[in-house]
Amino acid sequence: MGNRDVVVEVRNLYKSFGDLDVLMGVDLDLYKEENLVVLGRSGTGKSVLIKIMVGLLKQDSGSMKVLGREVSDLNTKELNALRLKIGFSFQNSALYDSMTVRENMEFPLVRNVKNLTKKDITYKIEELLDAVGLPQTINQMPSELSGGQKKRIGVARTLILNPEIMLYDEPTAGLDPITCVDINNLINEVRERYKTTSIVITHDLACAKMTGDRMAVLLDGQFKSIGTFEEIFPRAEDERVKSFYDYNFINS
Ligand SMILES: Nc1ncnc2c1ncn2[C@@H]1O[C@H](COP(=O)(O)OP(=O)(O)OP(=O)(O)O)[C@@H](O)[C@H]1O
């Protein structure tokens, strides 16, 4: 891990929807260049937490500081600037089906960065396709790519704006075990090469083990356990944390 600068600081964060209490006192420090895995069953509030982090939702109380700024205090312009520093890698890759790989990658660049020459754009696209090991796909359509390749291109497209923070939402969902290992390696390589700080949301403990420096388990609206894989799972006492481990490593 790099130094211990805190990139995201969450303190006593609460969020409810009517009678539904989702986040109930979340605390978290995400350190620079760390890969933090967030685990939690469906509906525990992982997406709500991420949405508060990028200013799509507002907390009821508590604090969410990203890159030193309290997100709920930011105006629209500041929020847009913050979002450019956060790369979101979607579960379904979110590529535009009617565009080639090159056009898919060009799109966020042209939209967000002024005064780039055609040469700059091509250079950047080629560099990132190289980084994800798919330079040969530049003129292909998404329909011609495998699920794993689409994920890689999705990650390359997210990286094109040089984000400081990467959010990976279920990066291995729907992939075969070998492609999962590939994507996990990619997440680690991205951190090495681009010095990103990452949050990986997953239900896949093998993915968690390979990519996470630490993991945080969201239970009853809080991170009850935060630590390395070995600190949390093999000897978990909470039945729900234990069942996560048993399900992934014994019953599957
Ligand atoms: N805008 C909203 N209005 C009302 N309820 C919401 C809203 N957003 C989320 N919720 C509720 O908050 C709870 C947590 O949702 P969230 O999407 O964060 O779950 P999750 O942990 O990301 O689940 P999954 O793993 O299935 O994606 C759910 O019960 C959901 O219905």
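Me: In this predicted model, a residue is near a molecule if its C-beta atom, placed from the backbone, lies within 6 Å of it. Which residues surround the ligand?

Reply: The 6 Å cut-off on C-beta atoms decides who belongs to the shell. The residues that surround the ligand are Phe17, Leu20, Val22, Gly40, Ser42, Gly43, Thr44, Gly45, Lys46, Ser47 and Val48.

Me: Which element gives the most to the shell around the ligand?

Reply: Strand S2 (20–31) and helix H1 (46–53) each supply at least two residues of this shell. With three residues, the element that gives the most is H1.

Me: How many residues of H5 are buried?

Reply: Helix H5 covers residues 147–159 and has 13 residues. A residue is buried if 20 or more other C-beta atoms lie within 10 Å of its own. The buried ones include Gly148, Ile153 and Leu159. H5 is largely enclosed by the rest of the structure, because the buried residues number 12 of the 13.

Me: What covers the buried residues of H5?

Reply: Both strands and helices take part in the cover. Strands S6 (86–89) and S7 (165–169) are included. Also included are helices H3 (101–112), H4 (118–131) and H6 (177–194).

Me: What distance does H5 reach from its first C-alpha to its last?

Reply: At 1.5 Å a residue, the expected value is 18 Å. The model comes close to that value, and H5 reaches 19 Å.

Me: Which element gives the most to the side of domain 1 that touches domain 2?

Reply: The chain is divided into domain 1 (6–85 + 164–249) and domain 2 (100–162). Their contact takes 12 residues from domain 1 and 11 residues from domain 2. On the domain 1 side, seven residues come from the element that gives the most, H6.

Me: What is the radius of gyration of the protein chain?

Reply: The chain has nine helices and 10 strands. For 252 residues, the globule rule gives 18 Å. The chain is as compact as a globular protein of that length, because its radius of gyration is close to that value, at 18 Å.

Me: What percentage of contacts between residues at least 6 apart in sequence join residues at least 24 apart?

Reply: Two residues are in contact if their C-beta atoms lie within 7 Å. Contacts between residues at least 6 apart in sequence form the basis. The share that joins residues at least 24 apart is 66%.

Conventions. Residues numbered from 1 in each chain as written. Predicted model: local features only at pLDDT ≥ 70, side-chain atom pairs only at ≥ 80, totals over all residues. Helix = DSSP H or I, 4+ residues; strand = E, 2+ residues; numbered from the N terminus. Expected span 1.5 Å × (residues − 1). Domains from an automatic or database assignment. Rg over C-alpha atoms; globule rule 2.2 N^0.38 Å.
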